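These are my notebook entries on a structure that I am looking at for the first time. I take the entries one topic at a time.

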Amino acid sequence: MKKSYIDHPIGLIFIILLLVPLYAREDQRPLLLAHYMPWHQTPDFYGYWGYHWTMNHFNPDNVDENGRREIASHYYPLNGPYDSTDPDILEYEVLLMRLCGIDGVLVDWYGSENFWDYAVLNYATEMLFEAVKRAGLRFAIVYEDQTIMHMVNNSHLKSSQALDQGKKEMAFLQDHWFSSDVYFKISGQPLLLVFGPQYFKESVAWQSLFAGLPIQPQFYTLDNRLSPVAVGAYPWPPMWKSNTQGILTPAALDEYLSQF
């Protein structure tokens, strides 16, 4: 999977905080949404340690003298390696958000298809949505259209079926989340980001994907606006600009943001 530079921080994954330019509180401050990845499985819930705890290298069943498991993470969770569908963990996370002043989540979503771990991640996203709703927070999706590419490249789909699969995913979003009062909207339109696009790279493809929806999403693409279908773009930490020590310097980040 991608984003190898910081895949596994504690509980909430705050790789990027997106300030959405819409005032929604009495104090007129912008909403603060946290990027969130529901990627983790444990034996207690799934009978195995998920890929994002092991990276096909580490073995969480190995425990050191301090009681810490061997996990694929730069940071060790205060509550130990967790499962993204654990209701106690989800309650803990949304309460932390409220305490931190975070208004909601932008969830990295791989779609609903039963391919690789996509269905497992989708179930975790559904459970997170329910926790967010109970906590009075907001919710929106960052879609990974690279999932369609992987399904085509691994013969799960034919390339001729890709657009229909994308439409199926958009219909899932509409049926499950877009129409909810919890789902974040701008001017009445559901906010939708894509990490890319990496597969549907033409504006006309997205126009086709959105054609069956009752309301066009407020659509944002990564780094550059995909015109005319996207209303804007968003930045992402440019880890490819890291120096030979693997450090993204303030100067490199400033350069990227200036270009953005």
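Before the first entry I need one cut-off: a residue is called buried when its relative accessible area is under 20%. I also keep in mind throughout that this is a predicted model.

**Entry on glycine 111**

I looked up glycine 111 and found it in the loop that runs between strand 3 (104–109) and helix 4 (118–135). Its relative accessibility is 0%, and therefore I note glycine 111 as buried. Leaving out residues up to four places away in sequence, I listed what glycine 111 touches, and the list reads Tyr118, Asn122, Tyr143 and Glu169. I also checked glycine 111 against phenylalanine 172, which is 61 residues away along the chain, and the C-alpha atoms of the two are separated by 8.4 Å.

**Entry on helix 4 and helix 6**

Next I asked how the axes of helix 4 and helix 6 lie, and I found that they come within 12 Å and cross at roughly 25°. Angles under 35 degrees count as roughly parallel, and so I describe helix 4 and helix 6 as roughly parallel to each other. On the side of helix 4 the contact is made by Asn122, Thr125, Glu126 and Phe129, while helix 6 brings Phe172, His176 and Trp177. Sorted by class, the residues of this contact between helix 4 and helix 6 are three nonpolar, three polar and one charged.

**Entry on aromatic pairs**

I then searched the whole structure for aromatic pairs, and the search gave 24 of them. One of the pairs joins phenylalanine 139 and tyrosine 183, whose ring centres are 6.0 Å apart and whose planes stand at 65°, so I record the pair as edge-to-face. This pair links distant parts of the chain, since phenylalanine 139 belongs to strand 4 (residues 138–143) and tyrosine 183 to the loop between helix 6 (162–178) and strand 5 (185–186), 44 residues apart. Both phenylalanine 139 and tyrosine 183 are buried.

I also noted phenylalanine 210 and phenylalanine 219, with ring centres 5.2 Å apart and planes at 80°, so this pair too is edge-to-face. Phenylalanine 210 and phenylalanine 219 are buried as well.

**Entry on threonine 221**

Last, I looked up threonine 221, which has its place in strand 7 (residues 218–222) and is buried, with a relative accessible area of 0%. A polar atom of the threonine 221 side chain lies 2.6 Å from the backbone oxygen of asparagine 224. Setting aside neighbours within four places in sequence, I found threonine 221 in contact with several residues, among them Val194, Pro197, Leu226 and Tyr234.

Note on methods: Residues numbered from 1 in each chain as written. Predicted model: local features only at pLDDT ≥ 70, side-chain atom pairs only at ≥ 80, totals over all residues. Heavy atoms only, no water. Helix = DSSP H or I, 4+ residues; strand = E, 2+ residues; numbered from the N terminus. Buried < 20%, exposed > 50% of the residue type's maximum accessible area, 1.4 Å probe, protein only. Contact = heavy atoms within 4.5 Å. Phe/Tyr/Trp six-rings, centres within 6.5 Å; stacked < 30°, edge-to-face > 60°. Polar contact = N/O pair within 3.5 Å; in protein donor to acceptor, adjacent residues only side chain to side chain. Axes fitted to C-alpha atoms, helices over the stretch in contact; angles between N-to-C directions. Parallel < 35°, antiparallel > 145°, perpendicular 65-115°, else oblique. Nonpolar A, V, L, I, M, F, W, Y, C, P; charged D, E, K, R; others polar.
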